[in-house]
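Keep the viewer open as you read.

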Amino acid sequence: MIELTAKPVIKTINQEILSFISNLSFAPRLNIIRINNDPASEYYVTNLVKKGEKIGINVDVINMPLDTDEKDVLQLIRRFNDDRNVNAIMIQKPLPGGFNEDILTGAIDPDKDVDGFHPVNMGKLLLEKDGLKPCTPLAVIETLRHYNITTRGKRVVIIGRSNIVGKPLAGLLLYKDLFGDATVTICHSRSEKLSDITKEADILIAATGKAEFVNKDMLKSNSIVIDVGINQIVRNGKTSYVGDVDFNSCSKIAQSITPVPGGIGTVTTAMLLKNVIKAVNIQNKVDIFD
Ligand SMILES: NC(=O)c1ccc[n+]([C@@H]2O[C@H](COP(=O)([O-])OP(=O)(O)OC[C@H]3O[C@@H](n4cnc5c(N)ncnc54)[C@H](OP(=O)(O)O)[C@@H]3O)[C@@H](O)[C@H]2O)c1
């Protein structure tokens, strides 16, 4: 069994970012709006700031009080939309109750929408047009591309139909490309005889949010397993992170698997920074990344 680790993938991504930035006369800027005191979110943004610093991208975190009014957040988003020095905007989740995520996402200039969640960008993705695309689906494609796992003509099964992972990923896998052109099936909690479907997959992608949900009895032998999941668990009093795939069981039968941690999640962070560069491209109407 081969582990499809993130390390070599992010090395390539970082080299691409560095080479792009070396030709710029300014440092790209990502502004993150954060209205929570969630420790996981704190860890994530601190990590992003550090990674950005290392690579030449300014990542600014705007911490707002929990009792902030939605109108103030909208005003801030509009200010960043109009600010030529801000290339990318992200709203950190979770948001406090009462905020309408759709309204906030919809207020971001689609050309600065680094998460790729704006309806305009989702539409462009489905229409195979240039635009900002969600980072986790991009991370899956980038990982497949790095390891030269072509999807053309293959049966790819995704478990999970969320707007941020399953649906956009299915769209990318339908692109007319060597790392698209797949025969895609999306499963969800209402899918009947799930194992019968997953056993047909040449490539199985798990995005269920259920720790170690996929086991070896759900796999075709020699299949490729992509684990998108990140779940915090406590085992024997110790906190750790596992994916949506039972790695030990599946490694007995799969040809290759992405590990957790050190797999798709790590590539996703790198793709977010690459998306900042993509946003700079779009704003300056150049086409360095496809
Ligand atoms: N690597 C990264 O950077 C990254 C980014 C985002 C998310 N994640 C991780 O990826 C996983 C999925 O995230 P998400 O935001 O897409 O989750 P989500 O919005 O909760 O969606 C989960 C999907 O899995 C389906 N599902 C749940 N239980 C199932 C079952 N027993 N059988 C079949 N399908 C089932 C759900 O079906 P229904 O639609 O019918 O409810 C839903 O479509 C999570 O572990 C999350 O932490 C990782």
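Six strands make an open sheet in the order E1-E11-E8-E7-E5-E6, with parallel pairing. Two strands count as paired if DSSP finds at least two bridges between them. The labels are DSSP runs numbered from the N terminus: helices are H or I with at least four residues, strands are E with at least two. At the edges sit strand E1 (2-3) and E6, each pairing on one side only. Before going further, a word on provenance: this is a predicted model, where local features need pLDDT of at least 70, side-chain atom pairs count only at pLDDT 80 or more, and totals for chains, interfaces and linings use all residues. Residues are numbered from 1 along each chain as its sequence is written.

Strand E5 (residues 155-159) runs parallel to strand E6 (residues 183-187), and five bridges hold the pairing. To get from E5 to E6, the chain goes through helix H7 (residues 166-173), a right-handed β-α-β crossover. Right-handed here means that, with the strands pointing away from the viewer, the path from the first strand over the helix to the second runs clockwise. Within the pair, Val-157 has Thr-185 in E6 as its bridge partner. Elsewhere, strand E8 (residues 224-227) and strand E11 (residues 256-257) run parallel and are joined by two bridges, with Val-225 opposite Ile-257 in E11.

There's another open sheet, with three strands in the order E3-E2-E4 and parallel pairing. From one strand to the next, the twist averages 20 degrees. Strand E2 (residues 29-34) pairs with E3 in the parallel sense over six bridges, and Arg-34 stands opposite Asn-63 in E3.

On to the helix packing. Axes are lines fitted to C-alpha atoms, for helices over the stretch in contact, and angles run from 0 to 180 degrees between N-to-C directions. Helix H1 (residues 7-21) packs on H10 at an angle of about 15 degrees, with the axes 10 Å apart. That makes H1 roughly parallel to H10, the label for angles under 35 degrees; over 145 is roughly antiparallel, 65 to 115 roughly perpendicular and the rest oblique. H1 passes H10 in a left-handed crossing. Helix H6 (residues 135-146) and H7 have axes that come within 8 Å and cross at roughly 40 degrees, which makes H6 oblique to H7. The crossing of H6 and H7 is right-handed. A crossing is left-handed if the near helix is turned anticlockwise from the far one by less than a right angle, and right-handed if clockwise.

| Peptide bond | Omega |
|---|---|
| Lys-93 to Pro-94, cis | near 0 degrees |
| Val-260 to Pro-261, cis | near -5 degrees |

Pro-94 is in the loop between strand E4 (88-91) and helix H4 (101-107), while Pro-261 lies in the loop between E11 and H10. Glu-128 isn't a glycine, yet has a positive phi of about 60 degrees; look for Glu-128 in the loop between helix H5 (119-126) and H6.
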